[in-house]
Amino acid sequence: MEIYVLLKRTFDTEEAIQLENGQIEEDGAEFIINPYDEYAVEEAIRVRDAQSGTVTVVTVGPEDADKELRTALAMGADQAVRISIEDDIEEADHYSISEVLAGYLKEQTVDLIIAGNVAVDGGSGQVAPRVAELLDIPYVTTITKLELNGTDAVVTRDSEGDTEVIKTSLPLLVTAQQGLNEPRYPSLPGIMKAKKKPLEELELSDLELDEDELAPRLETVERFLPPNKAAGKILEGDLSTQVQELASLLRNEAKVV
Amino acid sequence: MSKALVLAESRDGNLRNVSFEAIAAANLVADEVVVALIGQNVAADAAQLATRGAHQVLVVEDERLQHYTPDGYGQVFMQLLDRVAPDVIVFGHTSLGKDLSPKIAAKLQAGLISDVTSIEGSGADASFIRPIYSGKAFEKVKVSEGKTLFTVRPNNIEPLAEGSSEGTVESVTVELKDLRTIVSEVVRKATGGVDLSEAKVIVAGGRGVKSSDGFAPLQELADLLGGAVGASRGACDADYCDYALQIGQTGKVVTPDLYIACGISGAIQHLAGMSNAKVIVAINKDPEANIFSVADYGIVGDLFDVVPLLTAEFKKMLVH
């Protein structure tokens with residue numbers, strides 16, 4: 001069983017966002033594995049342990065992302081691949097990234113690809129389904145359960161609170177929703193072992209991809225912070241007076257009830 | 001003359017609000033708006049779409065389209081694309097829209113702007129505003145090459161009224177083959193029927209709710225206001241409720257008209273998911289709780305005292 005995990009390094013969700021010259025200020029920020037990708041890493045390890053095989057974690061990004069790849073290796077993934085594109089493609093968008101990932105994966109034997117259903121930074125959730133389409137394999141997004149029997153797969157999916165049970169088969173791409181599993185923390189022996197596990201760096205030339213065909217389709221022309229909210233009104237008086245005032249404000253001032 | 005193709009969605013036999021919002025968005029960007037309505041027994045909804053901004057509605061019905069699958073809907077949508085040849089393609093940023101739109105974008109080798117909350121300009125010069133970091137910041141995006149594809153976040157773009165268009169309705173037959181995923185079972189577990197991402201009112205509970213039973217007064221208030229119940233990560237991690245209710249940077253990002261946060265401290269990752277709600281009410285015992293920093297109105301008090309009183313007050317008010 002050849003299992004690939006698509007992983008993204010993201011800001012810690014507890015980080016506030018600051019802008020510097022229209023760019024997101026990254027200095028001093030904590031970075032983590034995108035939380036939904038942690039479920040993907042965990043699920044990949046569980047499938048491998050049940051079925052044997054190899055878990056390869058793949059990311060597109062700069063050298064800094066090696067830290068998150070090492071964390072995934074410490075959790076138990078077998079090997080990692082980082083595809084470096086920053087010298088070739090400026091401001092890559094989902095189109096560029098998914099073409100790069102698909103370009104790499106087309107050259108591999110792939111049984112199962114697991115990704116997070118969305119990254120908590122960009123929040124688009126596009127790359128994984130795009131990759132499945134480019135590889136011409138089926139996909140199921142926002143899954144909460146994965147059962148494999150040979151090449152048959154039964155996948156449980158969260159669709160806005162409804163649960164769908166889906167029958168499909170390998171090769172397959174799935175994206176993880178919260179609740180799929182409980183990701184493990186890397187153990188100390190795991191961290192030691194991870195240092196010796198293979199982490200390969202590739203560039204577009206290694207993948208025989210032409211940068212001219214990977215130019216982004218979208219351009220971000222501006223980034224900005226939401227307007228600061230004026231301080232709210234803390235109500236006073238005894239509780240029943242406060243509640244009456246609140247109800248009245250919501251109906252007559254805010255007009256939302 | 002630029003042309004748009006919009007995918008409309010119905011849920012439990014009703015057209016979704018976000019579909020009307022997506023049609024309104026398409027009218028901002030394109031001159032002519034064609035709406036695709038796909039499913040089983042959906043044709044009755046077409047007439048309504050045709051008066052609310054659609055110039056033409058194309059209806060595709062097939063029993064294999066009863067449940068959404070990427071292959072089924074993808075094949076239908078690509079055949080409609082061939083027929084309509086649109087410059088602009090619009091989806092709701094819903095479970096279905098999020099799942100299908102990247103597939104279509106990949107087929108077209110096009111960009112896709114997800115989760116749009118507003119649009120500036122029109123036609124080829126349009127730029128699209130969307131949240132990043134779950135609303136901690138925003139970006140303005142333009143299409144630099146290829147078709148314009150985007151998904152519309154519910155509750156942000158004003159839909160068009162009835163009578164805005166006098167569209168035609170046409171039934172279309174398409175070919176379907178080799179569906180690689182089959183939906184064998186659907187279990188509805190939506191609480192109270194109102195979907196969290198589209199709810200106009202959300203009553204959310206945090207660790208202060210203390211137990212799964214503690215959500216009962218919140219549910220009562222939400223039901224009264226026609227809203228939905230949500231939760232913070234703290235409440236979900238403590239197993240007071242299902243993860244499907246989680247609001248935050250992990251979980252759902254919501255923009256209701258009214259958000260009532262009960263016993264929620266206001267961690268940054270939760271605020272990211274709800275701070276763009278139009279009006280925020282915070283109810284918390286701790287006057288120092290961070291949630292008050294984003295609240296329009298705050299009551300310092302025990303949610304188990306405040307929420308039932310508030311429900312009673314609204315009951316009185318809504319009777320009169």
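Two strands pair if DSSP finds at least two bridges between them. In this predicted model, strand S1 (residues 3–8) of chain B meets that condition with strand S6 of chain B, because the two are joined by three bridges, in the parallel sense. The predictor gives the complex an ipTM of 0.95 and a pTM of 0.93. For chain B the average pLDDT is 94, and 98% of the residues score at least 70.

**Chain A as a whole**

- Chain A contains six helices and 15 strands.
- The C-alpha trace of chain A spans about 65 × 45 × 40 Å along its principal axes.
- Chain A has 257 residues, and 47% of them count as buried.
- Among contacts in chain A with a separation of 6 or more, 71% are between residues 24 or more positions apart.

**Strand S6 of chain B**

- S6(B) covers residues 88–92, and five of its five residues are buried.
- Val88(B), Val90(B) and Gly92(B) point one way from the strand, while Ile89(B) and Phe91(B) point the other way.
- Besides its pairing with S1(B), S6(B) pairs with strand S11 (residues 148–152) of chain B, also in the parallel sense, over five bridges.

**Helix H4 of chain A**

- H4(A) runs over residues 127–135, and eight of its nine residues are buried.
- The buried residues include Val127(A), Ala128(A), Val131(A) and Leu135(A), and also Arg130(A) and Glu133(A).
- From chain A, the cover over these buried residues includes strands S1 (2–6), S8 (112–116), S9 (139–149) and S12 (172–176), and helix H3 (94–105).
- Chain B also contributes to the cover, through its helix H4 (95–108).
- After H4(A) comes Asp136(A), which has a positive phi, near 60°.

**Nonpolar cores**

- In soluble globular proteins, nonpolar side chains tend to be buried together.
- The largest nonpolar core has 63 residues; Val5(A), Leu6(A), Ala72(A), Ala77(A), Leu101(A) and Val131(A) touch the most other members.
- A second, separate core has 59 residues, including Leu225(B), Val279(B), Ile283(B) and Leu310(B).
- Which residues are in contact with Leu6(A), leaving aside its neighbours within four places in sequence? They are Val58(A), Leu101(A), Ile113(A), Ala115(A), Val127(A), Ala128(A) and Val131(A).
- Of these contacts of Leu6(A), Val127(A), Ala128(A) and Val131(A) are buried residues of H4(A).

**Where the chains meet**

- The contact between the chains takes 69 residues from chain A and 80 residues from chain B.
- Elements giving two or more residues to the chain A side include helices H3, H4 and H6 (239–253), and strands S9, S10 (152–159) and S11 (162–169).
- Which element gives the most to the side of chain A that touches chain B? H6(A) does, with 10 residues.
- That side of chain A divides into 32 nonpolar, 20 polar and 17 charged residues.
- Strand pairing also crosses from one chain to the other: S11(A) and strand S13 (residues 182–187) of chain B run antiparallel and are joined by five bridges.
- In this pairing Val165(A) stands opposite Glu185(B).

Technical notes:
Residues are numbered from 1 along each chain as its sequence is written. Chains are lettered from A and ligands numbered from 1 in the order in which they are written. A residue is buried if 20 or more other C-beta atoms lie within 10 Å of its own, exposed if 12 or fewer, and partly exposed in between; C-beta atoms are placed from the backbone. Helices (H or I, at least four residues) and strands (E, at least two) are DSSP runs, numbered from the N terminus. Two residues are in contact if their C-beta atoms, placed from the backbone, lie within 7 Å. A nonpolar core is a set of buried Ala, Val, Leu, Ile, Met, Phe, Trp, Tyr and Cys residues joined through C-beta atoms within 7 Å. Ala, Val, Leu, Ile, Met, Phe, Trp, Tyr, Cys and Pro count as nonpolar, Asp, Glu, Lys and Arg as charged, and the others, Gly among them, as polar. pLDDT is the predictor's confidence in each residue, from 0 to 100.
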